[in-house]
Amino acid sequence: MASNGGGLRHSNSSRPSRMSYSGGGGGDDARAQAAVPGDRPMVTFARRTHSGRYVSYSRDDLDSDLGIGGDMSPDREEQQQYASYHVHIPATPDNQPMDPAISARVEEQYVSNSLFTGGFNSVTRAHLMDKVTDSEASHPQMAGAKGSSCAVNGCDAKVMSDERGDDILPCECDFKICAECFADAVKNAGAVCPGCKEPYKNTELEDVVGAADAVGARPTLSLPPPPGAAASRMERRLSIMRSQKAMTRSQTGDWDHNRWLFETKGTYGYGNAIWPKENEVDAGGMGGGGLGGGGADGQPAEFTTKPWRPLTRKLPIPAAILSPYRLLILIRMVVLALFLMWRIQHKNDDAIWLWGMSVVCELWFGFSWLLDQLPKLCPVNRATDLAVLKDKFETPTPSNPTGRSDLPGLDIFVSTADPEKEPPLVTANTILSILAADYPVEKLSCYVSDDGGALLTFEAMAEAASFANMWVPFCRKHNIEPRNPESYFNLKKDPYKNKVRQDFVKDRRRVKREYDEFKVRINALPDSIRRRSDAYHAREEIKAMKRQRETALDDAVEPVKIPKATWMADGTHWPGTWIQPSAEHTRGDHAGIIQVMLKPPSDDPLYGSTGDEGRPLDFTEVDIRLPMLVYVSREKRPGYDHNKKAGAMNALVRSSAVMSNGPFILNLDCDHYVYNSQAFREGMCFMMDRGGDRIGYVQFPQRFEGIDPSDRYANHNTVFFDVNMRALDGIMGPVYVGTGCLFRRVALYGFDPPRSKEHGGCCSCCFPQRRKIKASAAAPEETRALRMADFDEDEMNMSSFPKKFGNSNFLINSIPIAEFQGRPLADHPGVKNGRPPGALTVPRDLLDSSTVAEAISVISCWYEDKTEWGHRVGWIYGSVTEDVVTGYRMHNRGWKSVYCVTKRDAFRGTAPINLTDRLHQVLRWATGSVEIFFSRNNALLASRRMKFLQRIAYLNVGIYPFTSIFLIVYCFLPALSLFSGQFIVKTLNVAFLTYLLGITLMLCLLAVLEIKWSGISLEEWWRNEQFWLIGGTSAHLAAVLQGLLKVVAGIEISFTLTSKSGGDDVDDEFADLYIVKWTSLMIPPIVIMMVNLIAIAVGFSRTIYSEIPQWSKLLGGVFFSFWVLAHLYPFAKGLMGRRGRTPTIVFVWAGLLSITISLLWVAIDPPSGNQQIGGSFTFP
């Protein structure tokens, strides 16, 4: 890429200068060097012109509020290949620098059209791109958006455009001219238009831009600009945070209304001791309820008639259900203890080995049931009030006269790694559902992590951003649900129901046609990229051959071998992974890449117009802005452990902190899309409610599509998501399950929650015994978390942050800002550690090149060296189930979590319905649990900040795979009993049958009550029980074996699947259900089924042909064998493949084989006391 773009000489306060760093090799000495005061990152943009040459844009005349400057002599040799059109001239009365606001807009236009690359010991480059995909981009926020070129000879730069993408032209003749040429014409050409030769009416670029923005703009009521608007980005953020913090509370710690009234500045309500009257408010154009609705005495309604209302509330389980449920648990515990005591006391001397194995297994099953049942004592349901959220954060008030959203920023993370396994169309639909979500556009940012660095994913995201130009306004106009186009157009219900707009039918047909074309483009991308790369490669080979012939003259010419690169749409090399891997272009070796697909939107709504070429639909009253969309592919180099998904998530945490710094983060898998457009608001209700500052994350349940109606393998997992997770919500909160989770950013940073408490005793959830933590200095270093300010007058100790978070000052300075912006509103005396209303209505800073360059720096492969990332900060490394470990660390520090179950599913995704895929999924989960058990994340080592029942729940997470050992033994016991003619008890007496009946009935009653308070169905409960035995006898056993070998011997084994069969019917939606893929995980369940079937046949034969039949022992063995086979029925059905395809001869031969084996067994081992074979039966 050296010839494809300008270099970004990265030398700011967070990293050493390029001269000192280039030779340092990333060592400690280089990283520890102090930055020179005033040293600024220098950026040179280069763009390829239509003629094929590269034009360099100097940034010296585009100084933003960061004040870029300095000598470029160290890189002069590299710049000789570029043609420079601008020379830096010192500021004089005739040469004044451009207004910072205008230069920032110009720079953001360049930044949003640049592909940033860089990494370890390499120059960060900003490559200006004419286009991102082969198709044209029409939205003004999109990278590579179609725009006019400057008409001045020798310059083909882009003309400045407004928020709608329309050209800003300073002359009435509409001569197209860029900002630089306009400045040259004003300074050097007598302010004469190069087109019509008439003098410009406005010679100031600021006036030209202002006039263009004023055209069609709606009148808005805004606050005066904050003081120090020309200060740096970080200074403005910190000053706003400190000023708001200072006015929040009085010396007593209570809300100081007088100080808030007199010390703040604003248009209405602020700075005056007298509130405006109702008629004055109405005259201001705000209407009767403009500023919150004034009271009878002129006071704002929020201080008089409006009561304080919470954003969330608990919905307790009815006592008529919960009390019997708890009582039954207690009774069953007592009965189970009595039964185990009885079993130990009454040995079976005839088969002591059978009795011993059964008792050991039953003791473990009782212990395992206790671990699973105790955390279910305190289930709760919760509800949110979105109307209150809108009233508090998006309604005009004295603190927010314009009604601009006061909600905190939200960064959405979408992770993908392989476009072959994760289709780009699925990922694109997920992106579209996020962009169309019902959340303030200017507060929403979406980051796509492509851990494979594939051009296919890059261009698919660009296509999605282009299609969002029509899809997102269409969803807002007609209130579409769901906002995933693939799911929406495949809905079975009537799409025209409850649609009142007359143009809905026409709009839907047009969008459907556009979406079909969008799918064709996405599906054609692999071939398009391959053909394009082949064409460019052939051209490069021809050029190389010509150069070789010119230099070789008459000598023999050898064939030219050029690495076959992957080419982007603008005719340059793709810096990521190539289709045919080459050096520095493989999945494990490529540069870091950041592309702002959609630049940050404007702060005020931008309404569309009637149908035109770019938007054929009428969006006159619809906000057409789109949230920021960023493509990120972190740097990968050989020799570094990149830590898979956890490492990719941490890279997104750092890059988003630099670019948008949303105080909240929501992560989604690429196949989980937003099914409820208001899901983000529902989760934010918990974070912004009273006490929400102690909530580390909000977990949404996982819901799945495309699962067979019978849910053969319990793919919906409703027992876990609707029973276990609801129950944990009543203690400290649910575990983190990897996707659909809304995080507080500072909780991911490893901080302690405000007002941390320690819990003691076994019943801390019902009878809490809390004491405040005085200090964390006594805790060992590896378990001690970072301290966060508990009170407003406290300040974070940031001196140790570089050692923990790395040496990026951008990242470190963003931490206190994210903490402050994530606080709930201080609108009630009971709200502690809050922020004042209106603090987050300030406009967001524009993107500049130094910000994106810093984001490139923090996703480099070396950045995490000798830091706390992955150990105490961010997603935790060292386990295949990094999600559970990350949530455990937060609970261990004292953070709470909340389970948010919405009426309409928040998110939906896909799950494997094939038996083998499902077993391998369970294997990965169980393997992670075994790793957790043998690590320091074992709940036995948890701190006192974790409640006792929460500790029990996490202990069960690490222990449950070991149940498979006892479960397999217990599944073979019925067969061994039938083969040997003995049973686990000496006789089936009344006591044993009574205990067995009582335990079974209480288990059924508990299941009924769980169904009552959780809302699941009986069939879902039974499917879960069946798959518990299927997974326990296959995947869980393999996970235990794999974990023990890894911990004890350091040996890692994997279970791979082989060839497929049976999935040829493309018309069947559930064709994958019938695919049979052999795996070694199937061996134990198959053996268990065969042994039990044969044992039943042997037992019947032995009893029938015996002179004294032992029917009690037969019935006991057969009953338990049928219990095993009933649980394994879905497994057997999966082995048979498609319905009706199993030949009848298979069943015939199976029956004959069982009869033959049983007769042979009786012949070999005849019943005792009978000298004849089979008693009175003789072979002919």
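In the predicted model, N717 is found in the loop that runs between β17 (703–705) and α19 (718–728). Although N717 is not a glycine, its phi is positive, at about 55 degrees, and with a relative accessible area of 18% this residue is buried. A positive phi, near 60 degrees, is also found at N833, likewise a residue other than glycine. N833 is placed in the loop between α22 (809–821) and α23 (849–858), and at 6% relative accessibility N833 counts as buried. Most residues other than glycine have a negative phi, and most peptide bonds are trans. The peptide bond that leads from E481 to P482 is cis, with omega near -10 degrees, and P482 lies in the loop between α14 (455–478) and α15 (485–489).

Aromatic contacts were examined next. A pair of aromatic rings is described by the distance of the centres and the angle of the planes. The count of aromatic pairs comes to 47. For Y536 and W567, the ring centres are 4.8 Å apart and the planes meet at 20 degrees, so this pair is stacked, the cut-off being under 30 degrees. The pair links distant parts of the chain, 31 residues apart, with Y536 in helix α16 (residues 504–552) and W567 in the loop between α16 and β12 (592–598). W567 counts as buried, at 6% relative accessibility.

One aromatic cluster is formed by F467, W471, F474, Y488, F489, F504, Y515 and F518. Over the face of F489 lies K512, at 5.7 Å from the ring centre, while R654 lies over the face of W869, at 4.9 Å from the ring centre.

Definitions and conventions: Residues are numbered from 1 along each chain as its sequence is written. This is a predicted model: local features need pLDDT of at least 70, side-chain atom pairs count only at pLDDT 80 or more; totals for chains, interfaces and linings use all residues. Side-chain values use heavy atoms; hydrogens and water are left out. Rings of Phe, Tyr and Trp (its six-membered ring) pair if their centres lie within 6.5 Å; planes under 30 degrees apart count as stacked, over 60 as edge-to-face and the rest as tilted. Helices (H or I, at least four residues) and strands (E, at least two) are DSSP runs, numbered from the N terminus. Buried means under 20% relative accessible area, exposed over 50%, partly exposed in between (1.4 Å probe, protein chains only). A charge sits over a ring if NZ of Lys or CZ of Arg is within 6 Å of the ring centre and within 35 degrees of the ring normal.
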